[in-house]
Amino acid sequence: MSALLALKKLHVAYGHVQAVKGIDLELHAGQITALVGANGAGKSTTLLGISGLVKASGGSILFDGDELLSLAPHHIVQKGIVQVAEGRAILGTLTVQENLDLGAYTRSDKAQIATDLEWVFSLFPVLKNRANGLAGNLSGGEQQMLAIGRALMARPKILLLDEPSMGLAPLMVQEIFRIIKHINQTGLSILLVEQNVKQALKIAERAYVLENGEIVLQDSGANLLNNSKVIAAYLGT
Ligand code: ATP
């Protein structure tokens, strides 16, 4: 099976700081691939490199066989790769509805946009109830739902999720992981960056462990959950 997204020897740097040092990673259609690791390992930078927000300095990013490396971020969104940034980045002074509308800004298919909005509201009923309220008044978990909902409004083929569980209360963490799995089961491919290694590995078909900008382990999520190095370094028992 060929990969929907394939990183080959990908390098991403901030000036002289090499944050991602030649990684290979594959995401297959319809699957969740997790990228886990400690603070500063290079997980966010990998996503930023894929979405073009930080220009990769070397290697290759193939999406459905097409090279993304030289494309501008908005072209990458148009191709169907949409990132939900760490810290959510919703616009607090706009309403929930206006934030969702922004997600569809590259689209002109009005009827399908309306259908997608209903789908997002069915995934997140709280957003429908609060549609006319300011996004800044939502709780942290609700803001994460809005950020995911806004990304879905771009009709992505791949969703890049950066630490969706960060800063959320335990029950909300469970809810967010349940929703991620549910969205994936509708056919959407997901690249999930997480520090919550246990939950991420539980829902990922394939997973990679990143340390200091390099992939040090890769396997199925289930196998990595039982890997002694992963247990010792990330699962705390
Ligand atoms: P976290 O969970 O803390 O976000 P991460 O695994 O996502 O960790 P990155 O944010 O990708 O890690 O950071 C990788 C490396 O790049 C770190 O050494 C970090 O200090 C550095 N870095 C990140 N952003 C910048 C930047 N804008 N300028 C310079 N260095 C940066």
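This note sets out, point by point, the ligand surroundings and the strand and helix arrangement of the structure above.

1. Basis of the note. The structure is a predicted model, in which local features need pLDDT of at least 70 and side-chain atom pairs count only at pLDDT 80 or more, while totals for chains, interfaces and linings use all residues. Residues are numbered from 1 along each chain as its sequence is written, and side-chain values use heavy atoms, with hydrogens and water left out.

2. Ligand shell. The ligand is surrounded by 13 residues, where a residue is near a molecule if one of its heavy atoms lies within 4 Å of it. The closest are Asn39, Gly40, Lys43, Ser44 and Thr45. Helix α1 (residues 43-50) contributes the most to this shell, with 3 residues; helices (H or I, at least four residues) and strands (E, at least two) are DSSP runs, numbered from the N terminus.

3. Oxygen atoms of the ligand lie 2.4 Å from a polar side-chain atom of Thr45, 2.7 Å from a polar backbone atom of Ser44 and 2.9 Å from a polar side-chain atom of Gln195. Taken alone, the ligand exposes 630 Å², of which the protein buries 60%; accessible areas come from the Shrake-Rupley method with a 1.4 Å probe.

4. The open sheet. The order β6-β7-β8-β3-β9-β10 describes an open sheet of 6 strands with mixed pairing; two strands pair if DSSP finds at least two bridges between them. At the edges stand β6 (81-84) and β10 (214-220), each pairing on one side only. Neighbouring strands of this sheet are turned by 15 degrees against each other on average, direction ignored. Axes are lines fitted to C-alpha atoms, for helices over the stretch in contact, and angles run from 0 to 180 degrees between N-to-C directions.

5. Strands β9 and β10. Strand β9 (residues 206-211) is antiparallel to β10, with 6 bridges between them. Ala207 has Asp219 of β10 as its bridge partner.

6. Helices across the sheet. Helix α7 (residues 170-185) lies across β3 (32-36), β7 (158-162) and β8 (189-194), at about 155 degrees to β8; contact means heavy atoms within 4.5 Å. Helix α10 (residues 228-235) lies across β9 and β10, at about 60 degrees to β9.

7. The hairpin. Strands β1 (residues 5-14) and β2 (residues 17-27) run antiparallel and are joined by 8 bridges. Leu10 stands opposite Ile23 in β2. The hairpin has 2 residues between the strands, and Gly15 takes a positive phi near 60 degrees.

Definitions and conventions. A polar contact is a pair of N or O atoms within 3.5 Å; within protein, one must be able to donate a hydrogen and the other to accept it, and residues adjacent in sequence count only if both atoms are side-chain atoms.
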